[in-house]
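Dear colleague,

Please find the structure below, followed by an account of what was found in it.

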Amino acid sequence: RSHRQGSAGGRNRGVTPPAAPSAMAAQAIEGLAFPEDKRKYIVEVLDPLLEQMVQELLLAVPEDPAAFMIQWLRKRGGIAEAPARTVGLAAENLQLKKELRGMRELMSEAATSVAEGVPKSEEPESEEDEDDDVADDMPPPPPQNRGQRASVSAEAYGNWNKATAFTPPEYPKTAEQVAKLTPILSNSFMFSSLDKTDMQVVVSAMQQREFVAGTKIIVEGDDGEHLYIIEEGEPVCKKQIGGEEKVLETFAPGDVFGELALLYNCPRAATVEAVDSCKAWELDRGTFNHIVKNAATKKTQQRDAFLKKVELLTSIDHYERAQICDVLKCDSFTKDHMVVTQGEDGDKFYIVESGNLTAIKDGKEVMAYGNGDYFGELALLKSQARACSVKVTSDEATLLWMDRKAFTKMLGPLEDVLRRKGGEYEGTAK
């Protein structure tokens, strides 16, 4: 179109530079609040360009004006035409699928080198499989059950972490050592979900270690193969911050450290150093993964399913319920045990996981509790003494509970519901 002449001002509509500024454009923006430099840009640059494009548009009258203008601007600016994408996308999709298959084969080979006895899949893929959606090609990995640790990537993806036979180590202990170690483990949230049998396995698998002052028990950045529970001594936790090693925490007997590297398959986040003679119980990664982590995962899933059915908690989301799962502790009581006593100070909130109990006020039974029911909230909400005693009436009862601090933090949004239910309870008690 370089030879075509326009009617407005006789301008050349080809690729020659635009003609002098349009008097009409100058008059059109005269009353607008533009700075002088913006006015000049509109008149001398934008207006000539737009005039050219509009005239070409009116001459061609395309069905798709937007596509025409894009093409015209590309030519005007000397930009090459965009390549057709239909074939390109198909070729790109095929290439991505080939790369995906290659990655899967590479991961499978890496896994075979670190996981003995698990054969590598050699099944060829059919042409029809290539047309399937990419997401369908990749099976979700099952729960991680690993033996000896390799690298983080092999641990996470090797042969989809197929479960292998595992025999935990056993280190002989005296009855006194078992009696001392068991309650320490039971009081730690890491081990609180273990049943009696699993607890015995873990206690048996723990090895006693002794460290002299100055020994670095774990080192920041190293791979972690063990966690530790302090029996004697007070080692310190240090971390490199701003090029300087700073003490973050001092551990005491009963404290657990080193579990993060085992839980999240990451390097040690800090260094722990003995500052005096220190005794600790060491647990290996294999036992932790097969016994402790699996038991904790299973217990959390069971508890979450139970809490979904608790009327009080039906309005909260999964994240909030998971937080409550983390802070709940569990106790079992036998028949006729008095869980709370009227007139005493209250510092716990209870949810009945199993069994039956009854509330007694001034010697009279006023309310019965069963699975999913809760009690003890009034003393915490109103900071008052227990209004009733609660006694176990079944052969055994299992109660979930949280202390005052956790109750205030976790159940704050449910305070209105608790107070309303509390009012109903007080009315019943009267």
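Two strands are said to pair if DSSP finds at least two bridges between them. Strands (E, at least two residues) and helices (H or I, at least four residues) are themselves DSSP runs, numbered from the N terminus. The model is a predicted one, in which local features need pLDDT of at least 70 and side-chain atom pairs count only at pLDDT 80 or more, while totals for chains, interfaces and linings use all residues. Residues are numbered from 1 along each chain as its sequence is written, and side-chain values use heavy atoms, with hydrogens and water left out.

Strand β11 and its partners

By the pairing criterion above, β11 (348–354) is joined to strand β16 (residues 396–403) by six bridges, and the two run antiparallel. Within this pairing, Ser354 stands opposite Thr398 of β16. β11 also pairs with strand β14 (residues 374–375), again in the antiparallel sense, over two bridges. Here Ile351 faces Tyr374 of β14 as its opposite residue. Of the seven residues in β11, five are buried, and the strand is mostly covered.

Surface patches

Patches are made of residues with over 30% relative accessible area and no salt bridge; like charges are joined within 9 Å, and nonpolar side chains (Val, Leu, Ile, Met, Phe, Trp, Tyr) within 5 Å. Accessible areas come from the Shrake-Rupley method with a 1.4 Å probe, and for residues only the protein chains shown count as cover. Asp and Glu count as negative, Lys and Arg as positive, and His and the chain ends are not counted. The place of a charge is taken as CG of Asp, CD of Glu, NZ of Lys or CZ of Arg.

A negative patch on the surface brings together Glu344, Asp345, Asp347 and Asp403. Among these, Asp345 is found in the loop between β10 (338–340) and β11, and it is exposed, at 72% relative accessible area. A nonpolar patch of about 350 Å² is made by Tyr41, Val45, Leu46 and Leu50. Its member Tyr41 belongs to helix α2 (residues 36–60) and is partly exposed, with a relative accessible area of 46%.

Salt bridges

Side chains of opposite charge can pair when their charged atoms come close. A salt bridge is counted when a side-chain nitrogen of Lys or Arg is within 4 Å of a carboxyl oxygen of Asp or Glu. The structure holds seven of them.

One of these joins Glu231 and Lys180 (3.4 Å, N to O). Glu231 lies in strand β3 (residues 226–232) and Lys180 in helix α8 (residues 175–186), so this contact ties together parts 51 residues apart in sequence. Glu231 counts as buried, at 13% relative accessibility, whereas Lys180 is partly exposed, at 42%.

Another joins Lys239 and Glu220 (3.3 Å, N to O). The pair links Lys239 in strand β4 (residues 236–241) with Glu220 in the loop between β2 (216–218) and β3, 19 residues apart.

A further bridge is formed by Glu273 and Lys238 (3.0 Å, N to O). Glu273 lies in strand β7 (residues 271–273) and Lys238 in β4, so parts 35 residues apart in sequence are tied together. Glu273 is buried, at 15% relative accessibility, and Lys238 is buried, at 16%.

With kind regards

Notes. Buried < 20%, exposed > 50% of the residue type's maximum accessible area, 1.4 Å probe, protein only.
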